[in-house]
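Biologist: I've got a chain to get my head around. Could you walk me through it in plain words?

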Amino acid sequence: MPARSQRTSGSVAMDDYLEQILHLIESKGYARAIDISKNLGISQASVTNMLRKLDTEGLVKHEKYRGTVLTEEGHRIAKAIIERHETLTRFLRLFGIDEETIYRDVEGMEHHVSRPTLAVIRAMADLLESRPGLLEEARAKSSELRG
C-alpha cells in the first residue's frame with residue numbers, strides 16, 4: 001500500500017499544516033496564513049510557501065488575501081491526523097503519564113504510526129477503559145517496567 005494512503009500526507013510538516021488548518025476552520029470558520037504562522041511559530045513567508053505547495057498537491061485551495069480551505073483529500077488527511085493524535089493521547093492518559101510527556105511523545109508518534117498499529121492501540125484503549133481490573137493490572141505492570 002502506498003505511504004500516502006497508509007499514513008498521512010507523507011510529510012510531517014505538511015501534516016502539521018493540514019491539522020492546523022482544520023483546527024482553525026473548525027474554531028474560526030476560516031484559516032489565514034497569519035493565523036497559521038502564529039499558531040505554528042513559523043514565519044508568514046514560510047507558511048505562504050507551504051500553502052502554495054499544499055495547493056499544488058491538491059490538499060488545499062489557497063487564495064492570496066482570501067484564506068485557505070481544505071480539499072476533500074486534505075480534509076480526509078487532516079481528520080486522520082487528528083484522530084491519530086486523539087487516540088494516542090487517550091491511550092497514554094490511561095497510564096497516568098504527565099500531559100507534557102504525552103504531548104511530546106504524541107507529536108512524534110502521530111506522524112509515523114501506521115493504520116494497523118493505530119487500530120491496535122485504539123482497541124487496547126477501548127478494552128482497558130471497559131475493564132477497570134485489566135486497566136489496573138496494565139498500570140501496575142507499566143509502573144513496574146518504568147522502575
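Biologist: How much accessible surface does the chain have, and what share belongs to carbon and sulfur atoms?
Modeller: This is a predicted model, where local features need pLDDT of at least 70, side-chain atom pairs count only at pLDDT 80 or more, and totals for chains, interfaces and linings use all residues. Residues are numbered from 1 along each chain as its sequence is written, and side-chain values use heavy atoms, with hydrogens and water left out. Accessible areas come from the Shrake-Rupley method with a 1.4 Å probe, and for residues only the protein chains shown count as cover. The total is about 8,700 Å², and the carbon and sulfur share is 54%.

Biologist: What percentage of the residues in the chain is buried?
Modeller: Buried means under 20% relative accessible area, with a 1.4 Å probe and protein chains only. The chain has 147 residues, and the buried ones make up 38%.

Biologist: In what order do the elements run from the N terminus?
Modeller: Helices (H or I, at least four residues) and strands (E, at least two) are DSSP runs, numbered from the N terminus. There are eight helices and two strands here. Written out, the order is α-α-α-α-β-β-α-α-α-α.

Biologist: Which residues make the contact between helix 3 and helix 4?
Modeller: The axes of helix 3 (residues 33–40) and helix 4 (residues 44–56), lines fitted to C-alpha atoms over the stretch in contact, come within 9 Å. Contact means heavy atoms within 4.5 Å. Helix 3 brings Ala33, Ile34, Ile36 and Ser37, and helix 4 brings Gln44, Val47, Thr48 and Leu51.

Notes. Buried < 20%, exposed > 50% of the residue type's maximum accessible area, 1.4 Å probe, protein only. Axes fitted to C-alpha atoms, helices over the stretch in contact; angles between N-to-C directions.
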